[in-house]
Amino acid sequence: MGDRGTSNRSEVTDFILVGFRVRPELYILLFLLFLLVYAMILLGNVGMVAVILTDPRLNTPMYFFLGNLSFIDLFYSSVIAPKAMINFWSESKSISFAGCVTQLFLFALFIVAEGFLLAAMAYDRFIAICNPLLYSVQMSTRFCIQLVAGSYFCGCISSVLQTSLTFTLSFCASRAIDHFYCDTRPLQRISCSDLFIYRIISFSLSAIIILPTIIVILISYLYIVSTVLKIRSTEGRKKAFSTCSSHLGVVSVLYGAVFFMYLTPDRFPELSKVASLCYTLVTPMLNPLIYSLRNKDVKEALKKLLEKKNTIV
């Protein structure tokens, strides 16, 4: 049985990304929609990084984290969107075995890194509001770099484990992945391996990754809310909450979509695809908009950058 599984796995040189089960004439509409969203992701996140790098007023820990968030959003959407758009025009809709491994590895790396980075951003807001006098000491440049490096490191370790675990499975049932990119759940569906141990390990790994970040975010905001409620002036409360509202919006969209996808039963694959769209494309598109529209400093820096470009022209 083990030999047969190994043999079948060795024969798999590529997979077929089924994508969305819609009429062929709708592929053009989906392509244009993906193209529009991806263009907005590129424009928004590259613009956000450019604004943060060029304006000295934004040389603070919060914007250092925000710049890295834009970098992550830009790259993990780029792992998914171009291949999905190509497949709208492709007859075979195939992806090589190596391409599938790479796509899963990079996506897992960046999505996990984003979770840890959002936790670091919550901690940053906690220090800024609850211990403002110690902010510059506790959120030093060195510590901020360590937090960001730690986020990428955790993403890399998690991705290596998750990807290795997934591709030790035997794929002999089918080559057709019922999704628009390589992800663990659709790959499980086409595996002929015994998934009991795999699912236990995978669930444990997910819990180890997700729980610490959620706990840090929840505890940080419990302290933040407690501190803000003690502020007597309405203006002071409003200002304190405004610094956190953008971050809360991003956290809600990302974790809401992730939980919705992974809690959706396997018998509803189309719902999983819609949820996947939310955190692979919609979230990276919305993040720059949320932070630019809700943040006075970013709006002023963007206005200054545009005025400088107009002057040069």
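## Briefing: cores, sheet and selected residues

A polar contact of 3.1 Å joins the side chains of Thr166 and Tyr198; a polar contact is a pair of N or O atoms within 3.5 Å, where within protein one must be able to donate a hydrogen and the other to accept it, and residues adjacent in sequence count only if both atoms are side-chain atoms. The model is predicted, so local features need pLDDT of at least 70 and side-chain atom pairs count only at pLDDT 80 or more, while totals for chains, interfaces and linings use all residues. Residues are numbered from 1 along each chain as its sequence is written, and side-chain values use heavy atoms, with hydrogens and water left out.

- Thr166 is found in helix α6. Helices (H or I, at least four residues) and strands (E, at least two) are DSSP runs, numbered from the N terminus.
- Thr166 counts as buried because its relative accessible area is 0%. Buried means under 20% relative accessible area, exposed means over 50%, and partly exposed lies in between (1.4 Å probe, protein chains only).
- The Thr166 side chain also reaches the backbone oxygen of Gln162, at 2.8 Å.
- Beyond its neighbours within four places in sequence, Thr166 is in contact with Leu104, Phe171, Thr184, Leu187 and Tyr198. Contact means heavy atoms within 4.5 Å.

**Nonpolar cores**

- The largest nonpolar core has 71 residues. Such a core is a set of buried Ala, Val, Leu, Ile, Met, Phe, Trp, Tyr and Cys residues joined through side-chain atoms within 4.5 Å.
- Phe65, Leu69, Phe107, Leu118, Ile217, Ile224 and Tyr279 have the most contacts inside this core.
- Helices α2 (27–54), α3 (61–89), α4 (97–130), α6 (141–166), α8 (196–229), α9 (234–263), α10 (269–294) and α11 (296–312) each supply at least two of the core residues.
- With 16 residues, α4 gives the most to this core.
- A second, separate core has 16 residues, including Val12, Leu17, Phe167 and Tyr198.
- Ile217 is in contact with Leu118, Ala119, Ala122, Val251 and Tyr255, leaving aside its neighbours within four places in sequence.

**The sheet**

- Three strands form an open sheet with mixed pairing, in the order β2-β1-β3. Two strands pair if DSSP finds at least two bridges between them.
- The edge strands are β2 and β3, each pairing on one side only.
- Strand β1 (residues 14–17) pairs with β2 in the antiparallel sense, over three bridges. Phe15 has Ile95 as its bridge partner in β2.
- β1 and strand β3 (residues 176–177) run parallel and are joined by two bridges. Ile16 has Ala176 as its bridge partner in β3, and Leu17 has Ile177.
- α4 lies across β1, β2 and β3, and runs at about 85° to β2. Axes are lines fitted to C-alpha atoms, for helices over the stretch in contact, and angles run from 0 to 180 degrees between N-to-C directions.

- Asp124 sits in helix α4. Asp124 is buried because its relative accessible area is 1%.
- Leaving aside neighbours within four places in sequence, Asp124 is in contact with Pro61, Met62, Phe65, Tyr135 and Met139.
- Asp124 and Ser245 are 14 Å apart in space, C-alpha to C-alpha, and 121 residues apart in sequence.
- α9 bends by about 35° at Cys244. The bend at a residue is the angle between axes fitted to the seven residues ending there and the seven starting there.
- Cys244 is one of the buried residues of α9, which also include His247, Val251 and Tyr255.
- Thr280 is found in helix α10. Thr280 counts as buried because its relative accessibility is 0%.
- The Thr280 side chain reaches the backbone oxygen of Ser276 at 2.6 Å.
- Leaving aside neighbours within four places in sequence, Thr280 is in contact with Tyr76, Ser77, Ile80, Phe107, Phe180 and Tyr181.

**Loop residues**

- Lys93 lies in the loop between α3 and β2 (94–96). Its phi is positive, about 55°, although Lys93 is not a glycine.
- Lys93 counts as buried because its relative accessibility is 14%.
- Cys192 is in the loop between α7 (184–189) and α8. At 33% relative accessibility, Cys192 counts as partly exposed.
- The C-alpha atoms of Cys192 and Cys172 are separated by 5.8 Å, and the two residues are 20 residues apart along the chain.
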